[in-house]
Amino acid sequence: MLKGDLSVAGLPAVLAQLADGGASGCLHVTDPVGEQARVYLRGGRVYSVVAPGRRPQLGSRLVSNGALGPEALAEALEAQRTELQGWRLGELLVHLGYVDQPVVEAFVQEQVRESMAELLLWPEGTWRFRVNERTREDVAKPVAVAELLSAVEQRRAEWDDLVKTVSGADAVPILSAGGSASDEMAIDPDAWSLLCKVDGVRTLAELARDCGFTLFEAGKVVHALVTAGLVDVEDESPEELVTASSAPSTADATSRLLDAFAPSAPAAAPAPEVAEVVSAALIGEALAAPGPDVDEVEGSINRVSAALSALLGPARSGEDVFEVPVRTAPAPRVDPEAEARAAKKAEKAARDAARRERDAAELAAAQAELEAARTAAAAEAVLAHASEHQAVVVDLEARREEARLAEEAEARAAQEAEEARAAEEAEAARVAEEQRLAEEAEAARLAEKAEAARLAEEARLAEEQRLADEAEAARVAEEQRQAEEARLAEEALLAEEARLAEEARLADEAEAARVAEEARLAEEARLADEAEAARVAEEARLAEEARLAEEARLAEEARLAEEARLAEEARLAEEARLAEEAEAARVAEEA
């Protein structure tokens, strides 16, 4: 078993080494906190990656985009649980003919890339490789390590670009109310399945899980929808999101959604169903957002529905408006934010009433101070003229006018107080009416939910009765079949036991032969290793002998060359001596 540390050699380097060696087995990777992952290889190629965390579900993916019916999925799961245990759901669906193989292959390959992308983010940890450890392969073919790592790197670069639009896993997509979508635009089943689940509450990660997408796939779909003008992704507070979703014209949003979601619809679209769906959706949005009261909203919805019905024409029976299953809009419900806004309005009304009461009290106090000042002035005048012993002259008309003004001031103060009280009572009555309407809406929603539950229960009981009848008929037929099969099985039992015994004997012999073959191969490998070592030693000895022989040859050649040089020098000296002697003899002869 091979093992090591990721801080010494990173995971890409380890996988590259295993790929170069054509390894088959399982690479176990453990991070510092104990999370474990597994990478299965066959012949140096990756065919399965298991990483911690929740993975996209193939069944959810296929049912969500309409490629597989719930009944077919249930049948496949039952077969996986009973008859075909150990099979992967993808290969089982392909085997049963419910789904084409390329669809499952694409899903499995995306899961492998997603898991590997998460695994490559582990900077620390340990790894160990167990040779020949296997798991069941899915329908997708194994992929080369270099190709997988390249795809993960490209995926990471694409995700960096997508984040600029989708903001991240925790971002909440909302339906766009703008009018930028093209009238001739068409969307694929994957985009449709995600768009149907966009509710302004679920995050991108939750939408991916509900649709059976990886986060990367969901990001690509949302990016395409944002680019098409169908979805917005904004970092806003919940109150701002509600306001933004309800601000634009409902008629524009309805027209745009109808044009976008039915790209291949004929000229005469089913207006009544459209009107009902749009009305339900708009009622839910209108009651949840601040704005006009319920009567105004319902009147606007009725006008929109009538306009759509007049525009799209009569419906044809059995026609599906959106060409995919449409989820019924939820019944109107009480919005906690609407309640909070109503409470704030009531509090503001109470503050206004209190302010009016304070103003009335201040006005009364001012009138009282004026009256007191006039009384004090009159008293001072009496004291000033007292020394002259003059009688005080009282102006009865002035007194009557002052009394009248005082009474009018008191009447105005009382009227303002009465108006403030009436306004406060009206505000309280309005708040109570809003609360009553909210309670009635909640009661209607609960009643509708109870009715739906009752209908669902009746349908369930009817389905159970039908299944019970079918089960009884099947039981009778099964008993007859079992009786016949019992007779045939009794006859085949002895033959089967004999066959099993023969197979067991052959298996034992095959196992013994396999063990012997493995021992023989091991012995041959040992002998081959020893022969290789001997061959290497012999080659080293021969090389040393050749080196020594070469050195001796070179030394001999050097000796012979030296002797030849000395002989040549002696020859030349002798020739010089003989030439001198001949020259001396010639000179002597001439003399």
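Q: Why is tyrosine 40 called buried?
A: Its relative accessible area is 5%. Buried means under 20%, exposed over 50%, and partly exposed in between, with a 1.4 Å probe and protein chains only. So tyrosine 40 counts as buried. This is a predicted model, in which local features need pLDDT of at least 70, side-chain atom pairs count only at pLDDT 80 or more, and totals for chains, interfaces and linings use all residues. Residues are numbered from 1 along each chain as its sequence is written, and side-chain values use heavy atoms, with hydrogens and water left out.

Q: What makes tyrosine 47 buried?
A: Tyrosine 47 has a relative accessible area of 8%, so it is buried.

Q: Why is the pair of tyrosine 40 and tyrosine 47 called tilted?
A: Rings of Phe, Tyr and Trp (its six-membered ring) pair if their centres lie within 6.5 Å. Here the centres are 6.1 Å apart. Planes under 30 degrees apart count as stacked, over 60 as edge-to-face and the rest as tilted. These planes stand at 40°, so the pair is tilted. The structure holds 1 aromatic pair.

Q: Why is cysteine 196 called partly exposed?
A: Its relative accessibility is 30%, so cysteine 196 counts as partly exposed. Cysteine 196 sits in the loop between α7 (189–195) and α8 (204–211). Its C-alpha atom is 10.0 Å from that of cysteine 211, 15 residues apart along the chain.

Q: What makes α5 and α6 roughly perpendicular?
A: The axes of α5 (residues 101–119) and α6 cross at roughly 75° and come within 10 Å. Angles under 35 degrees count as roughly parallel, over 145 as roughly antiparallel, 65 to 115 as roughly perpendicular and the rest as oblique. Therefore α5 and α6 are roughly perpendicular to each other. Their contact (heavy atoms within 4.5 Å) includes Glu110 and Met116 of α5 and Leu148 and Arg155 of α6. Leu148 and Arg155 are also among the buried residues of α6.

How values were computed:
Helix = DSSP H or I, 4+ residues; strand = E, 2+ residues; numbered from the N terminus. Axes fitted to C-alpha atoms, helices over the stretch in contact; angles between N-to-C directions.
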